[in-house]
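Here's a friendly walk through the model you're about to see. Take a look first, and then we'll go through it piece by piece.

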Amino acid sequence: MKGLKVMLFLLLVANLVTAQTRQIKGLVKDAANQGVPSATVKVKNGKGQAVTDANGAFSLSVPAGNVVLQISSIGFESKEVSVAGSASDVSVSLASSSASLADVVVTALGVTKSKRSLNYATQSVETKDLTKARETNVANSLSGKVAGLDVVRSSRGVGSDVRIVLRGDRSFANSSEALIIIDGVPGDLSSLNADDIASMNVLKGSSAAALYGSDASNGVIIIATKKGTAGKGLAISVNSSTQLDQPVNLRDFQNTYSQGSGGNYIRNSELGWGEKIVGQQVDNWSVNPADAATTKLESHPNNYLDFYSTGQTYTNGVSVTGGGDKIQSFFSYNNISGKGIVDNNTFLRHNFNFRVGGNITDKLSFDTKITYFDQIENNFVKAGEDFSNVNRQILRLPTNIGVDYIKDHYQFRNDQGQLIQNYWNPGSNGGENPMWVKYNTTNKMNSGNVKGLASLTYKFLPNLSLLVRTGLNKYLSNSQDRRFRNTYVIAEEGYFGLTNSAYTEVNNDFLLNYQGNFGDFKVNANAGGNMKSRTSSGLNSAASALVNENVFTLNNAASGKLSSNESYSAYKKNSLYASGDVTYRKYLVLSVTGRNDWSSALPSSNRSYFFGSTGLTAIISDMVKLPDYVSLFKVRTSFAQTGIDAAPYQTKEYFSVTPGGGISKSQSKPAVDLKPEITSSGELGVDLGFLNNRITTDVTLYKTNSKNQLVNVATPPASGYSSKFINAGDVQNKGIEISLNVVPVKTNDFSWSFYMNFARNWNKVVAISPNSPEFVLGSDGFMNYTKIVEGKPFGEMYSRGFVRNAAGKIVVLESGLPQITGAQNVYVGNSRPDWTGGFGNRFTYKDFALSFLFSARIGGVITSFTDANVIGDGFSAKTLAGRSGWVVDGVTADGAKNTVQTTAEAYWMSVGGRNTPAGEAFTYSASNVRLRELVLSYNIPQKKIAKTPFKSATLSLTGRNLFFLMNNAKGFDPELVVSTASGLIGTESFCSPFTRSFGLNLNLNF
Amino acid sequence: MRKYTNGYNLFVYFCMLALLSSCTKGFDELNTDKTKIETLAPKQLDKLFSSAEYGGILNTDQWAGGYQLLISLASDEQSQFFSCTQKAFPSDRNAMVGRWINGGWGSFLNGASTLQTILDQTGPNSPSPRPVEEAVAKVWKSYIFIPMTDFFGPLPYSTIGNGQDVVEYDSQEFIYTDILKSLGEAITVLSQNQDKSAFATGDVIYGGNITQWLKFANSLRLRAAIRISKVNPSLAKTEAEAAAAGPGGLITTNADNAAQKPTPPGYLNPLGVISEWGEFRMSASMESVLKGYEDPRMTAIFQEAANGGYKGLRNGLTIAQMSESFNDKDNNSNVVPRFQNAADGTEPFTIYAAAETWFNLAEAKLNGWNVGSASAQDLYEGGIAASMDQWGFTGAPVANYIASHNTPAPFEGPSEYAAPPLSDITVAWAATEEKQREQIGTQKWIALCPTMSTEAWAEFRRTGYPKLYDRINNENPDASTAAGSVKRLIFPPSEAVVNKGGYDGGVTKLGGPDKSSTPLWWDK
């Protein structure tokens, strides 16, 4: 805070210095020599400000002597020019900006608006660090950077799914995830090359959404990608980075007892309740007849980390920008290759991006873009209770069996030459040798994605233009799943699965834009339309037994063992919309939007639905004279209503065809009278800037209610349907978001800036439906139910738990073991966080820059199915206590203190295990605070590279997820969940270990 | 929407534009899933009947999920056909696992509501009534509801498929009475249409053969009558006598057995699916009886343990006990590989075998009912012969067996498991009625093994036969280690949530708390 005081002092001094003034005139032009209207011209470190007229001209009163003018305008790079004390006429040429749009928000269909005029909360993301502390999926880089943005990811190795939710979950059936808009059309982050990103803005509320349509009701992340800049000549940028992902063992295993039960070593046991390991000779677990009959018992404390290795990701990219007066282009190529922490999980991705834009005539301009993405991923790591999930098998490896040993001893050939799995318990329902799973249950996924964009803009008049655009997004993927013969239960005779899927989305848009000035009023009106069409199809074939051993082709399917399943869905939506902003004297802005959608997914009676928003922004700092240290005081409010349609094919009842031509009845009653879901939201915010915006803060209060939700409620199965779709419910989210950006120190050599953000969301399911006070949103299938319960927050988790008496004491059975509830009806907590926050700092000293970010996700619980298993099975250090005897602290059915002795083995096997675990015992607070990101970069000084062709060069060292300041979930990362499905947030199940990442990044510009 | 007047004006303007482009043309067509069927053609209804047949016995999919939850993990263990060797499963220690019961209930009702669709589409109120098909569907409904009401007691029966948010339960008394009535009606229709066929190849049991469906219906009528013989002797007598004299006759030879043919890959033999997982083995009670009688069926039904010998293990073992070598799956007998899908996956799954008819008639005869001229002894011995024949044993060995004075053998093993035989009854027909009833119960139990444990558990509860070993452990506060202490399964916990009204009525009709200790209506 010392810096602040210094600044305040300097400012006061500056104010005291009042001097003579003089008048200067000038012209602000763009690269094409056209005047730039509405540009702001300010005197640096002084008073006085002017705005250019329609021709770019301005006139300004400035102090005598040399002054520095700061000129800024939307869509242009800000510029400072020195004006000599003698000069009275100045001409400034502004370069259009693409890389730095911090003050500009690209809203619907590429309409650029000044952030100042917006009536809803937005937050821009610093894009510089996205290319340094790299994540294969850009979405992972957003944690902690935006107030109210919550990120969790699935455990799948490289290329995991990421779920981004703004302002809490609100929809039961639809996704609550934010919409991603890239250059005006819907896209996704997972295939985006971080190097191509010019700007990223997060529009949090749904008022921003009225113009994007229903998909945007959960907020929008708007990304503008780079394009060529007129008049900049050729620029080449090369980027190369290496990232290492180091697995970290947060778990505590026991290394004292062998596999077995009851304190005895049992060679075919899958449990860790065996005998004390003292180097004794025991029967060999190996079933390979060639192996010795006995083996020495030894523990292998490093098994877990020995199995994994350091993941490596190499990213290399080049981008070329060129711009003439007529045509500007941008090209980039990016290549990511690597391997995960399971070393046969490899990954290769190519991204091509080519964008050309320019002016055909004075009135007609065009913009086209093609991006192509191709990815091959081998052996992605599965999560959850999946027998081919290698994490699951390594976590269940007894300590007396060494990873180093099984590396070469996981299989052998029998007398008939067949490959046989060498597992201690052959034929096990659930157990497999981890190495067999790693090498003999493999998968491969190849995906390609092409996105094309073409738009034409015609300026009928300087203030009236029409944009016509087509965007195409096509995604194709092919995946294969191979399991060798003798993979127990899931592929006794081998298995080969082949899945092809395709997704196509076409968006055709038009947009009319009119801008006009009427005295003190400025009008900006847009009217447009969108035709969206989506088709997706999939073909999944599987040979569940193979005739010729381990030959993976569908032709090799045994008779009756080939099955196919295809899916197809088509969807169209047409929309018309309009929006208008009326600005009074640049400080009062009234915005109104309206949209009508016609969705094919709704029945004809409800197909058409209208929604809209209205908002008011007042820039108080421009309306009234405020102290000079207040650079911005803006109040904004908005109300919006958004209609959301549903997935296709939910309005009719069907009979399905099952493999082999059988016919089955639908178990879900269709929503014949399906209506759109309606989200109403209101927000009120204040944006403040102080000291020339060196301190800025935004505070937003919001409330949203999502009603008429499409709910798939459980019905009595005896009714003929186990569930039915109804329109009901009301989910309310209320919250506050605060962000603060401060630049305490800014000198030529040194600067320090920091940002903090905080978001607290209160979620409540106000109503579900008259007949259903609750329903199940999802389940891991074994331990938990995630439910929606009336009057409670979204995502309540229930599991089995201890039966307790009135005093809360655990009730024990005659055996001395606790009585566990039969049903999963014990509340264990809510799966969503209470608040999220981030604290980021950036220091620059000469050519060095250091930035780091702490992020916090506080509140909510996570349940660990992994713990239920590794503790139940006796592999966790937690199972060391009480092995020889344990009296459970509880009472008998008649209330007497329990005195019956049991053992840790009996206790944990009844409380944990796979099939009937008491999740209550394996639930932890999900609160965590971590050092999310650390970047140290060095701009190699110009003089050192003067003799090279480089214009600039930057070297960065980065770290991600370096350590936890707090993590209550001992043993795992609570943000790494089994699946990003809404009903499975809050469940950790055999996920990959926590990884800590280090990177080295080199950026060269020619 | 009044707030949006400005936008609304613009909207009206653009609506007109929209009308010009007729922008929603074809949306209805587009929003129809063409990979599915909206209205079933008759041949497709036949196919739906297959789903109802598989679903009715909980063979829901290639993993036989429902079958595992209610048959393998409940009646197979309670009838002591098998003992559990899967360490994570507590149900062999009498634990009521809510999630499993929820799942099994859902699977069954999936099948039952599919069947209800068929009854609706073939019944007198449908646009095209098909009385023969309806009669077959009625027989099938009777067949599938008997085991379910024997699990739970009251349950939704007449209300199935009502599409409502509350589905009332019927009492067990109502269900049995209605099943008998419904079978009587079906028998009348079927007997008049014996030359016809129903559901053709969609019928995976009899391939549409009405004569066989008629025999099946008569046999089920006898089964139901026997079940209620204590609680309603007069109705039982009437119905049993009607069944014995029924047109078309009873299933008395194995050629008429009801067995479902698998259709891989969707529907496999469920016992085959489960038995490949190594989760259960022959029970100690089964070993004691089969070994004591030197019963040839032992080697037909069970295979030698991986480490040699035909061995069973006690029910209700703790996890630690299951880990002992004596109880290890490799030291105990699984069912024979012929059931297993790894073999070829086409072994039919028997749901009714001729032997049962003989034993039911024998009991009816002991009750003094008029079910024909054959003596109880002849009927008992006929049942044994029919069962032997089913497994391929005929002639002298069978005759020797029937005449045998062997008695059940002691169960041998470590002291905590070893147990003397529970009975001294012989195979050879005994002198006293009580012993004869025990013989009938014991031989029927063997004859029902391995695929008809639902019937075996119900008959064990009704008669107390055969005598079964106590469980080694009990984890159910409403039960004990005593064999037979579990009288029913609790209602699925999910029902108390999704069908509260129905559930509450069900508990009332149960006549006791929703516990596993509350006996069923016929279990008096």
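## Chain A as a whole

Two residues are in contact here if their C-beta atoms, placed from the backbone, lie within 7 Å. With that in hand, take the contacts in chain A with a separation of 6 or more: residues 24 or more positions apart account for 67% of them. Keep in mind that this is a predicted model.

Chain A has 57 strands and 8 helices. Its radius of gyration is 31 Å, close to the 30 Å that the globule rule gives for 1006 residues, so chain A is as compact as a globular protein of that length. The C-alpha trace of chain A spans about 100 × 70 × 65 Å along its principal axes, and 51% of the 1006 residues count as buried.

## A run of strands in chain A

Strand 39 (residues 677-690) pairs with strand 40 (residues 695-714) in the antiparallel sense, over 13 bridges.

## Where the chains meet

How many residues of chain A are in contact with chain B? There are 79 of them, and they touch 76 residues of chain B. On the chain A side, the largest share, 10 residues, comes from strand 32 of chain A. That side divides into 39 polar, 29 nonpolar and 11 charged residues.

## Cores and a buried helix

The largest nonpolar core has 231 residues. Those with the most contacts inside it are B:Val136, B:Val139, B:Trp213, B:Ala217 and B:Ala240. Helix 6 (residues 131-152) of chain B gives the largest share of this core, 13 residues. Leaving aside neighbours within four places in sequence, B:Ala217 is in contact with B:Val139, B:Leu183, B:Ala186, B:Ile187 and B:Leu190. Apart from this core lies another, of 43 residues, including A:Val138, A:Leu149, A:Ile164 and A:Leu166.

Chain B also has helix 5 (residues 98-122), with 25 residues. From first C-alpha to last, helix 5 reaches 36 Å, close to the 36 Å expected at 1.5 Å a residue. Why is helix 5 of chain B largely enclosed by the rest of the structure? Because 23 of its 25 residues are buried.

Notes. Residues numbered from 1 in each chain as written. Chains lettered and ligands numbered in written order. Predicted model: local features only at pLDDT ≥ 70, side-chain atom pairs only at ≥ 80, totals over all residues. Helix = DSSP H or I, 4+ residues; strand = E, 2+ residues; numbered from the N terminus. Expected span 1.5 Å × (residues − 1). Buried ≥ 20, exposed ≤ 12 C-beta atoms within 10 Å, placed from the backbone. Nonpolar A, V, L, I, M, F, W, Y, C, P; charged D, E, K, R; others polar. Core = buried A, V, L, I, M, F, W, Y, C linked by C-beta atoms within 7 Å. Pairing = 2+ DSSP bridges. Rg over C-alpha atoms; globule rule 2.2 N^0.38 Å.
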